[in-house]
Amino acid sequence: MTGLVIRTTGSWYRVLPLGNDGLPEVGSEAVDCRLRGNYRLRGNKQTNPVAVGDRVEYTLQPDATGLIGEVHDRRNYIVRRATKLSKQTHVIAANIDRLCIVATLALPRTSTGFIDRLLVTAEAYHIPACILFNKADLYDPDLSRLHDSLAAIYQGAGYSVYRLSALTGEGIDTLRRDLAGQTVLFSGHSGVGKSALLNALAPGLDLRVGDISDWSLKGKHTTTFAEIFPVESSIFLIDTPGIKEFGMVDIQPAELSHFFPEMRRVLHQCHFANCTHRHEPRCAVKEALDRVDPETGLPLISSERYANYLGIIDQIENGNEPW
């Protein structure tokens with residue numbers, strides 16, 4: 001039988017049966033499955049051989065549980081570095097149509113450095129990404145201007161940006177329409193409102209929503225494991241535990257600029273083929289910092305995004321802690 005892994009907890013996997021069309025069978029119930037003991041994923045770099053979003057083949061056992069014998073090839077996946085095993089990675093989710101980076105400009109404010117690391121990872125794994133700025137109901141005039149400024153920067157780089165409020169419903173209908181028919185991964189720091197947004201997008205989920213920690217002004221974890229929620233409009237929403245830090249995995253300094261779309265547009269104009277865009281003369285990327293797009297009136301490459309690019313290179317080369 002073919003199924004979709006919708007939840008992983010330790011050595012157990014919750015698998016939803018799929019029909020011949022690849023969609024959940026009407027009226028079907030998920031099955032708790034274990035992994036066949038002699039199964040090994042090719043290579044040994046991941047801590048988890050099966051991840052949310054995987055398509056698997058399983059057989060039912062006499063006790064009504066399932067036994068997974070095969071994991072289908074992944075179309076794509078997104079990983080983070082394992083917290084305690086620095087040389088290994090943990091697959092957050094697989095077979096993703098879009099990564100939604102949930103951020104806030106109110107408490108706890110999300111740094112553009114964190115957003116850009118997620119965007120780079122999405123680019124590296126060929127996953128379209130967008131940015132969801134939640135808690136717009138808390139905007140004052142200054143935060144509203146900051147939102148507009150950041151939205152212009154990221155839209156100029158080629159990303160969709162949404163102004164949302166899970167509390168008031170602002171922007172929710174538009175987002176729901178744009179996500180129809182997709183498997184979507186929601187990711188971001190704890191406290192930015194991922195679960196609240198999922199509840200707004202799919203009334204009836206009733207996910208637990210956390211508070212902001214009084215002492216740290218950061219979110220409290222309310223999601224403890226990744227899980228897929230099939231909802232209306234054929235959307236599969238993947239909720240993940242809040243990510244405190246998102247380290248670069250398997251990305252080399254020489255290829256990093258290829259994962260910044262606005263840099264990618266001008267790389268061929270650099271004088272040196274191996275330009276790192278830091279100290280080399282006649283660098284098209286650095287020159288683009290001072291050139292203005294006539295249509296938007298903004299620099300072709302944002303100085304903030306460029307500063308984050310330099311920070312990521314430093315992190316990759318020297319192992320410095322991400323900001």
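Which residue follows α7, and is its phi positive or negative? The residue is G319, and its phi is positive, near 70°. This is a predicted model of a chain with seven helices and 13 strands.

**The chain as a whole**
- The chain has 323 residues, and 50% of them count as buried.
- Among contacts between residues at least 6 apart in sequence, 61% join residues at least 24 apart.

**Helix α7**
- Helix α7 covers residues 303-318, which makes 16 residues.
- From its first C-alpha to its last, α7 reaches 22 Å, close to the 22 Å expected at 1.5 Å a residue.
- The buried residues of α7 are R305, Y306, N308, Y309, I312, I313 and Q315.
- In an α-helix, residues three or four places apart point the same way, because there are 3.6 residues a turn.
- The cover over the buried residues of α7 includes the helices α1 (112-124), α2 (141-157), α5 (261-264) and α6 (284-288).

**Aromatic pairs**
- The structure holds three aromatic pairs.
- One of them, Y77 with Y125, is tilted, at 5.3 Å centre to centre and 50° between the planes.
- This pair links distant parts of the chain, 48 residues apart: Y77 is in strand β6 (residues 77-81), and Y125 is in the loop between α1 and β9 (129-134).
- Y77 is partly exposed, with a relative accessible area of 27%, whereas Y125 counts as buried at 15%.
- F260 and Y309 form an edge-to-face pair, with 5.6 Å between centres and 90° between the planes.
- F260 lies in the loop between β13 (235-239) and α5, and Y309 lies in helix α7, so this pair ties together parts that are 49 residues apart in sequence.
- F260 and Y309 are both buried.
- Ring pairs also bring in Y306, linking F260, Y306 and Y309 into a cluster.

**A charge over a ring**
- The charged end of R74 sits over the ring of Y77, 5.8 Å from the centre of that ring.

**F186 in strand β11**
- F186 is found in strand β11 (residues 183-187).
- F186 counts as buried because its relative accessibility is 0%, and the cut-off for buried is under 20%.
- I131 and F186 are 55 residues apart in sequence, and their C-alpha atoms are 9.9 Å apart in space.

How values were computed:
Residues are numbered from 1 along each chain as its sequence is written. This is a predicted model: local features need pLDDT of at least 70, side-chain atom pairs count only at pLDDT 80 or more; totals for chains, interfaces and linings use all residues. Side-chain values use heavy atoms; hydrogens and water are left out. Helices (H or I, at least four residues) and strands (E, at least two) are DSSP runs, numbered from the N terminus. Buried means under 20% relative accessible area, exposed over 50%, partly exposed in between (1.4 Å probe, protein chains only). Contact means heavy atoms within 4.5 Å. The expected span of a helix is 1.5 Å times one less than its number of residues. Rings of Phe, Tyr and Trp (its six-membered ring) pair if their centres lie within 6.5 Å; planes under 30 degrees apart count as stacked, over 60 as edge-to-face and the rest as tilted. A charge sits over a ring if NZ of Lys or CZ of Arg is within 6 Å of the ring centre and within 35 degrees of the ring normal.
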